Amino acid sequence: MSSSTIRPISRRFPQSKALWEETNLPMCTVLTPLGGETGQGQQKSGLKLSNLIRCLKCGAPHPTIDTYDLLEENEMIFCHLCGGTSSYNFDEQLKIRTNDGLKEMVEDEEDEDWPFIADARKEKGDIIVDLPLFNEQDYFAESAMACPPVWWIVLDGTMPQSSPYWQTVTDSLQDILLGNDNDAPPEYAHIGLLLASQDTLSTWDLSSPVPRVSHYPLEATTTKSTDEQTKIPVDLNLTPVDPLYESSVEATLRAVSDNPSLKPNNNINSADSGMALGATIETILEFMEQAKHPGDTLDDDDETSYSTLLYAGGKITCLLGRPPLEIEPLDLVEPQSSFGLGGMGGGIHDALQGDKFAHMPDLEDSSDLTPTNLASYCKPLQPSEDIFDIIGTRCAHAALGVDIVVVEPIEESSSRHFIRPFYGLPLLRVLSDTSGAPGPLLIDNGVDLTHQVRARTPWQPGMAFATEMRVRTSPGWGVETSPIEPIPKATHQMAIFLSSSGVAGPAIATNDNFFLLGTCDKHTSVTLDLQNTDARRNVKLEQKVYGLRGRVGVKVMLKPVIQTCVAYTCIEPGKKRSSSARVLRRMKISYCAMPMATDVESIYNSIDPEALAAALFHKLALNVYEEGTVSTQQVGIDWLKALLVCVYQSALGVLENEGKKKLGMPDYQETEEEYRRNPFDASHRVLTSSGDQIMTLTPRKSKSGKKTLEVDDVLLGQGHRRVASLALVVFSLLQCDALRPSPGVSADARCAAIAQMASMIPRDLVKCIAPSLSLWSAKDDVPMERSIDLSLYEAIKAYKRAAANKKGELVFLLDSPQQLLVYKASLKAHEETKKFKLGLKPYAPTKSPKLLGMIQAMTSSYRVKPFTTLDSDSQSETASFRRFIQNMIEDMPTAGPADGEDSGNFKDWKSDMAQLVQAELEELGLLGS
């Protein structure tokens, strides 16, 4: 059974590069390093890395027989990840060295369980093994009290005392730091509170019952490496959570909010600039780099003992009120749009009202993230444009993720004197991405601030630190590492920092096929570009192994596979008290079998639509940085058109092959097993013509039992089970808040939405662009319609069907990372027009335990609990309807794919798209009798 950690867009490797190019699919895989139960709460694995057979040539561990073949007669294994043979003799295995910083140790004496050979029929999913801490043999766990997670909170000391910023952030911090038993910080956590100005850093002692603060000068940000720096670390305060902690925190936060004399002074004459963000984080790093964490890459002469300062990893949360000092706005820049918050659940809209911005592709988009547009907002970063890439990389190596949150209190933003500045999130995103944090946010109220920040604290379940990921593929394939080419003499080219040696998302590449995330959780995914490494010939299907005792040579059938090894630090909670929690270092070994494809159709039959949606999003989002939002719309349309043409060509190839079989021709290709699971139906895949009229085939009997599709449906691939959803996927991507063109959106909000979606796991990303909608019977507590198309017309049809069965009160349930809506529905006919109007009211299903359980499962499945009507039942029917209708994406007005003019809705867009495909097929001479 393959792991959900690895989700290639198609579970087939092509036998050649040319074959893959015929599909017009991007060769990508989506990786969720900590997918499944791998973080806090993971049960003890009981296995050590030294229990596993290792390939002596490439170092790959082999916990299951899916990645190697056992040649027992010769005590050898054949590794399908490098094509080499190795001895599994214990003495030979002892010679293996440490593997690229994953820091495993081999036992001095032979283990009675050696070698661990798992039965692939019994082992399901991932194998998790224990790793030693700090390269010390038999040192596999440490108390979290002695090796704590740390949380640095950085406030913007440049904000005026009268700003509502102070009340908003201190109220939120008080809720987080002094929460109830379930939400309060565990007693092993260490917390530091800092206020940063343009040239001063203030560190507060949270353990003091009387507010106590120390001020230190901030030195200028540097691009020198850690070894070249000669700064003396500042003695910052990190406070453990203890019984006196509560009163100290309350006193400190009151002082922070109310006492201006305790705040740092600004000696730089710049009234509009905020804190020196880079220098502040460098100061934290200099302090933290005096200690060690379990993911440190130690040299052979490094010594770590029980007396050494230790920490598990942590977070740095920066709550900005102004653009940081590094973002120098230009004097002539226009103010940003006042519309929309950015990032929460991947959206740009008013979370309380449900309003979305209009699609305006015919106007210049001021929210573009292109170098030209960003250069109109601010000067280039100093001392160099890669400064935040350098600092973020240091944070990743220090196991510290950096969360950037702009706090723009609604009391301030709604003022008629307020002019929204350019906060610089497109430039600051590089810092969060490289550190392993899930992108910046733009928030205007304390409730959302509390929820978003709390979900990112380092003690949250599933949080892990110093996550190192090694990716291995079978011979013939590898990671595509081509960098993005810099534009000569251009500034503000952020795209070059957003793809690191083939990986897109919150991760960095440290070596070939080796990636690092400073912090990570089970909701984090990255996308990896792959390539065929030999374009001259087909990849081998078998290999002859020589050098075996008594054998001239043995043929071994190759089993193409992708393997990931993810080493991470996690905290295992205590059974009775949090003080008994332990810090562990573990490795999760995952694989994905990739059978060889010798034809295009088998690749299409293995498509994973959710993984493809995630990969496409990364490609389109990168284009927003390079070409802008309007150009990105055309890129998506062109890609879909080319794909559908290839799908049609594949169908013609299958028909031709079936004809050869009937005629007994020698070049007939045997049908693969994948075809038998996905029977080919010609009437759903190809068209014929009569004169100038294009029409569908009308076979005597449809193999699938479905009615004959319309011409447009055939052209859009609706007759292919795996391809059928891709038209809606592309449409939804192009209409999502992150990519939809509009001059009414700020560049900061757009960047925040892109960054949040870029780290989502595929399931969440798909729900972000296309929420799931179902209809329940409250009386029977069962779903009447499990999946309803996202249009008001289809919602009303579903209601009518269910109402005809007299199931009592009917409830719509809409699920997405942004919001979860539970509405009791009604339907009334207008007296004059006789048209039906859908009535919606917030509903609490207190007497429907199955529905309530479904809602609770949905809300807990995301990193941050989305807005839900269960928490706000005071909405009017008009407001409820407006919120509901904003999610009916198939009704959204959009630009047509053919001419860019207003195309109406999804139905009209599909018709235009089909015309484009038909025109291309006619030009290629593929439509005919």
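Biologist: Hi! In which sense do strands E3 and E25 pair, and over how many bridges?

Modeller: Strand E3 (residues 28-31) pairs with E25 in the antiparallel sense, over four bridges. Strands here are DSSP runs of at least two residues and helices (H or I) runs of at least four, numbered from the N terminus; two strands pair if DSSP finds at least two bridges between them.

Biologist: Which residue stands opposite threonine 29?

Modeller: That is leucine 528 in E25. Leucine 528 is also the bridge partner of valine 503. Strand E22 (residues 503-504) pairs with E25 over two bridges, in the antiparallel sense.

Biologist: And how many bridges join E20 to E25?

Modeller: Three, and strand E20 (residues 477-479) runs antiparallel to E25. Tryptophan 477 has asparagine 532 as its bridge partner there.

Biologist: Is E25 largely enclosed or open?

Modeller: Largely enclosed by the rest of the structure, because six of the seven residues of E25 (residues 526-532) are buried. Buried means under 20% relative accessible area with a 1.4 Å probe, protein chains only.

Biologist: Switching topic, what is the mean pLDDT of the chain?

Modeller: The mean is 83, and 80% of residues reach 70 or more; pLDDT is the predictor's confidence in each residue, from 0 to 100. This is a predicted model: local features need pLDDT of at least 70, side-chain atom pairs count only at 80 or more, and totals for chains, interfaces and linings use all residues. Residues are numbered from 1 along each chain as its sequence is written, and side-chain values use heavy atoms, leaving out hydrogens and water.

Biologist: Which element has the lowest mean pLDDT?

Modeller: Helix H14 (residues 673-677), at 55.

Notes
Buried < 20%, exposed > 50% of the residue type's maximum accessible area, 1.4 Å probe, protein only.
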